[in-house]
Amino acid sequence: MQTRGLPGLLLVLPALLLLTTLTLYPVGYGFWLSLHAKHSLFPQQTFVGLDNYLYLLNDPEFWESLRIGLIYSVSTILLQLVLGVAAALLLHQGFFGRNIVRGLVLFPYMIPTVVAVILWKWMLNNQFGLINFGLVSLGISSGPINWFGRSYIMISLILVSVWQFFPFVLLAVLARLQSIPTELYDAARVDGAGPVNRFLFVTLPQLASVLFIIILLRSIWMFTKFDTVWLMTQGGGAERYIRTMPVYAYLRTFNYYEAGMGAAVAIVMFLMLVVAAATYFFLFRQEDQL
Amino acid sequence: MIRRSAWQRLGLGLAVAALLAFAAFPLLWMGLTALKPSSEIFAWPPRLLPEAPTLSNIGRLFEQTHFVTYFRNSVIVSSAAVVLTLLLAVPGAYGLTRYRFFGREMIAATVLFTYMFAPIMIIIPFYIVMRTLGLANTHMALVLAYCAFSLPFALWMLRTFFQSIPIDLEEAAMTDGASRFRAVIHVVIPMALPGIIATGILTFILAWNDYIFARILISSDNLKTLPVGIADLYNASVIDWGMIMASGLLVIIPVVIVFSYVQKFLVAGWGSGGVKG
């Protein structure tokens with residue numbers, strides 16, 4: 001019995017109202033704001049049409065932030081996927097203590113970003129960090145590496161981000177692996193398929209639908225990731241080399257006090273995501289998904 | 001179970017050890033550093049275990065910083081966000097499951113759509129809206145922000161749970177003379193409890209871990225939550241690594257506790273995209 005009618009709508013209404021005022025309205029307001037010149041702290045604003053967007057077209061800092069943002073998101077997404085799937089296959093095997101290991105490897109995803117960043121800043125510390133100690137003692141590097149200097153800061157940022165977010169991929173893939181019927185593997189064995197072929201022709205097709213969604217969500221979240229990147233920029237002088245689009249939008253708004261310009265950067269980011277997501281759906285969506 | 005050769009067992013063991021070293025060792029190292037006196041923290045070569053374990057880092061954190069205030073603020077804000085989110089999401093998800101009305105699927109789709117918004121796309125206008133409402137620099141602004149960000153997954157997750165509860169049970173209770181409200185309270189809610197607890201805990205973790213909203217919406221030191229407080233401790237002049245690591249350790253303890261408890265519910269929630277970040 002699904003009751004018709006209004007009571008249902010009334011039950012959803014409060015949640016809907018809050019979502020509308022606090023997420024949908026701000027997005028609309030952000031679009032409106034991007035058409036204005038406005039100081040972040042004062043109420044006055046002037047309508048400038050598309051001027052903010054035209055400015056961004058010729059703004060080298062904006063294009064640089066796009067380039068850096070793409071390097072960051074593409075590399076972290078690929079590494080998370082490879083590591084997450086590999087770890088899920090590993091933890092799908094039966095071994096002693098498996099449940100404890102499963103719990104432990106999920107922690108990086110559950111802790112506050114600020115903790116992830118400070119603990120890696122300690123691990124990667126130039127003078128006293130464990131990583132440099134290991135690299136020098138093993139003879140891999142002749143001297144301590146400046147992980148927060150211009151040549152290495154992007155690598156450090158990618159390392160921290162992959163560490164923090166690969167458990168998401170791991171858990172989603174593991175949940176799906178557990179629901180693959182074992183008969184499929186038995187049948188493949190009877191047909192003489194080795195481990196590699198069983199992975200390629202049984203496991204991978206079964207994972208296709210969950211990977212489709214993981215890639216979509218992770219792409220959205222990595223491309224718009226702010227806190228990890230921003231906290232990595234604090235301290236050290238190489239902030240410029242990891243200034244992704246979200247960081248640039250933040251700087252425009254809260255350091256240059258150009259709320260309109262900051263909003264324009266955020267809207268451009270949003271539109272790029274919409275176009276990318278639509279293309280992705282068009283290219284890869286299969287009938288049985290979603 | 002397939003029998004493995006000795007080499008396969010060795011390979012498996014090494015792979016698991018490598019995974020643990022990557023994922024969990026940095027956290028262990030943070031905990032060990034937090035318990036070392038500074039002579040050992042900066043010892044070269046570094047030693048794994050503290051020779052003379054000390055709580056002085058935690059002591060400095062309590063005495064010389066506003067850590068306790070930040071901690072209290074985080075508890076208040078996160079708990080309030082959980083309560084508000086559940087108060088809105090439980091009836092909302094029930095309404096979306098058990099009633100059929102015009103626009104229902106469109107509402108569900110819109111909710112999913114808002115799930116795609118990242119904080120950075122909303123924060124600038126959100127900040128201006130809060131200033132206009134006079135809520136900038138209040139805990140209320142944070143509670144509203146966390147609630148808005150948890151609602152999409154809360155609604156979806158609870159909807160999946162309500163859908164899995166056979167409607168016959170409510171009907172049976174109502175045939176026996178219970179009102180719909182009582183049927184929900186005594187039949188549906190107890191059955192959906194694992195889902196409600198999991199939703200509440202995920203909301204708590206989201207609020208507890210947030211940096212960006214707290215950074216932008218809060219300016220008074222005595223209103224700051226832990227992530228912002230710790231970031232500021234780190235940025236303050238000379239870095240006291242022992243104290244910073246102690247703060248990291250204390251912040252993740254509540255997360256570890258609730259997470260160990262919720263782990264068994266989590267895989268179910270994952271299917272509906274329960275966690276975001």
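Read along the sequence, chain B of this predicted model follows the pattern α-α-α-α-α-β-α-α-α-α-α-α-α-α, and the chain has 13 helices and one strand, where helices (H or I, at least four residues) and strands (E, at least two) are DSSP runs numbered from the N terminus. Residues are numbered from 1 along each chain as its sequence is written, while chains are lettered from A and ligands numbered from 1 in the order in which they are written. Because the model is predicted, local features need pLDDT of at least 70 and side-chain atom pairs count only at pLDDT 80 or more, whereas totals for chains, interfaces and linings use all residues, and side-chain values use heavy atoms, with hydrogens and water left out.

The C-alpha trace of chain B spans about 75 × 65 × 35 Å along its principal axes. Of the 277 residues in chain B, 54% count as buried, a term that stands for under 20% relative accessible area, with exposed meaning over 50% and partly exposed in between (1.4 Å probe, protein chains only). When contacts (heavy atoms within 4.5 Å) are taken between residues of chain B at least 6 apart in sequence, 73% of them join residues at least 24 apart.

The interface between the two chains was examined next. In it, 93 residues of chain A are in contact with 92 residues of chain B. The size of an interface is often given as the accessible area lost when the parts come together. Chain A and chain B bury about 8,400 Å² between them, with 80% of it on carbon and sulfur atoms; this buried area is the accessible area (1.4 Å probe) that two parts lose on being put together, summed over both. The count of salt bridges between chain A and chain B is zero, a salt bridge being a side-chain nitrogen of Lys or Arg within 4 Å of a carboxyl oxygen of Asp or Glu.

Within chain A, helix α5 (residues 113-123) is largely enclosed by the rest of the structure, because eleven of its eleven residues are buried; among them are Thr113(A), Trp120(A), Lys121(A), Trp122(A) and Met123(A). Thr244(A), placed in the loop between α10 (227-233) and α11 (245-254) of chain A, also counts as buried, at 2% relative accessibility. Leaving aside neighbours within four places in sequence, Thr244(A) is in contact with Ser65(A), Ile68(A), Gly69(A), Tyr72(A), Lys225(A) and Val229(A). Although Thr244(A) and Phe62(A) are 182 residues apart in sequence, their C-alpha atoms are 9.0 Å apart in space.

Backbone geometry was considered last. Most residues other than glycine have a negative phi, and most peptide bonds are trans. Tyr257(A), which is not a glycine, has a positive phi of about 55 degrees; this residue has its place in the loop between α11 and α12 (259-284) of chain A and counts as partly exposed at 34% relative accessibility. In chain B, the phi of Asn137(B) is likewise positive, near 60 degrees, and Asn137(B) is found in the loop between α7 (119-132) and α8 (139-163), where it is partly exposed with a relative accessible area of 22%. The peptide bond from Trp44(B) to Pro45(B) is cis, with omega near 0 degrees, and Pro45(B) lies in the loop between α3 (38-41) and α4 (56-64) of chain B.
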